[in-house]
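Subject: Structure handover

Hello,

Here is the structure you will be taking over. Please open it alongside this note.

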Amino acid sequence: LVNLKQKQQIKAKVHLCRKQQEVEEKDNTMSKEIIKIENLKREFTMGAETVRALRGISFTINEGEFVTIMGSSGSGKSTLLNILGCLDQPTSGTYEIDGVSVKDLNRNQLATIRNEKIGFIFQSYNLLARTSALENVELPLIYNSKVSTEERRERAIKAHSKDSERE
């Protein structure tokens with residue numbers, strides 16, 4: 001187990017392993033920046049101690065890139081993912097998604113960003129035990145006002161049946 005003092009000494013080392021996917025663009029210029037992080041810091045106060053989970057992280061992710069976030073236990077991966085997913089705010093620094101600064105968005109605007117621009121895949125799947133498999137598949141579309149009830153049901157049935165075919 002890592003004690004609090006040791007955690008403070010662990011630098012948030014986030015290694016970005018990138019594999020650039022070929023993306024054809026009309027003007028053959030650099031692909032679009034979809035995530036831009038500059039000097040991102042996140043600190044937590046635990047009693048009299050300050051834990052520095054992120055210490056000035058800076059990077060960009062362009063359209064078409066695949067990114068892996070790696071690091072040892074306590075290095076700040078989950079903290080970074082919570083910020084990227086608009087579930088937490090940094091102590092300082094800037095985070096832009098599709099050119100929009102996340103810092104000043106209200107709860108509803110953050111929910112819209114999560115709904116339209118961010119996808120979460122949880123390690124433990126986080127299925128709801130009291131709902132059917134079909135309802136679990138359908139659930140994310142409930143929050144998308146652009147998808148009708150009928151279309152939501154059709155898409156869920158189609159996705160569920162494709163998954164059943166693989167088994």
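With which residue does Lys-32 form a salt bridge, and how far apart are the closest N and O atoms? The partner is Asp-98, and the gap between those atoms is 3.4 Å. A salt bridge here is a side-chain nitrogen of Lys or Arg within 4 Å of a carboxyl oxygen of Asp or Glu.

Two notes on the basis. This is a predicted model, so local features need pLDDT of at least 70 and side-chain atom pairs count only at pLDDT 80 or more, while totals for chains, interfaces and linings use all residues. Residues are numbered from 1 along each chain as its sequence is written, and side-chain values use heavy atoms, with hydrogens and water left out.

Salt bridges

The search of the whole structure gives 9 salt bridges. Lys-32 sits in the loop between β1 (15-20) and β2 (33-46), and Asp-98 in the loop between β5 (92-97) and β6 (100-101), so their bridge ties together parts 66 residues apart in sequence. Helices (H or I, at least four residues) and strands (E, at least two) are DSSP runs, numbered from the N terminus.

Asp-98 has another partner. Its side chain also meets that of Lys-117 in a salt bridge, at 2.8 Å from N to O. Lys-117 is in helix α3 (residues 107-117), and this pair links distant parts of the chain, 19 residues apart.

Lys-32 is partly exposed at 43%. Asp-98 is partly exposed at 27%. Lys-117 is partly exposed at 44%.

A further bridge joins Arg-42 and Asp-88, with the closest N and O atoms 3.0 Å apart. Arg-42 belongs to strand β2, and Asp-88 to the loop between α2 (77-84) and β5, so this pair too links distant parts of the chain, 46 residues apart. Arg-42 counts as buried, at 16% relative accessibility. Asp-88 counts as partly exposed, at 23%.

The nonpolar core

A nonpolar core is a set of buried Ala, Val, Leu, Ile, Met, Phe, Trp, Tyr and Cys residues joined through side-chain atoms within 4.5 Å. The largest one has 18 residues. Which of them touch the most other members? They are Ile-35, Ile-37, Leu-40, Phe-59, Cys-86, Tyr-95 and Ile-97. The elements giving two or more residues to this core are β2, β3 (49-62), α2, β5 and α3. The largest share comes from β3, with 4 residues.

Which residues of α2 are buried? They are Thr-79, Leu-80, Ile-83 and Leu-84. Seen down the axis of α2, these buried residues fall within an arc of 135°, so they line one face of the helix. The arc is that of the directions from the helix axis to the C-beta atoms. An α-helix has 3.6 residues a turn, so residues three or four places apart point the same way. The buried residues of α2 pack against β2, β3, β4 (65-70) and β5.

Positive phi

Most residues other than glycine have a negative phi. Cys-86 is not a glycine, yet has a positive phi of about 60°. Cys-86 follows α2 and lies in the loop between α2 and β5. Cys-86 is buried, at 5% relative accessibility. Asn-39 also has a positive phi, of about 50°, although not a glycine. Asn-39 is found in strand β2 and is partly exposed at 40%.

Val-102

Is Val-102 buried or exposed? Val-102 is buried, at 3% relative accessibility. Val-102 lies in the loop between β6 and α3. Leaving aside neighbours within four places in sequence, Val-102 is in contact with Cys-86, Gln-89, Tyr-95, Ile-97 and Leu-110. Val-102 and Ile-113 are 11 residues apart in sequence and 9.0 Å apart in space, C-alpha to C-alpha.

Best wishes

Notes: Buried means under 20% relative accessible area, exposed over 50%, partly exposed in between (1.4 Å probe, protein chains only). Contact means heavy atoms within 4.5 Å.
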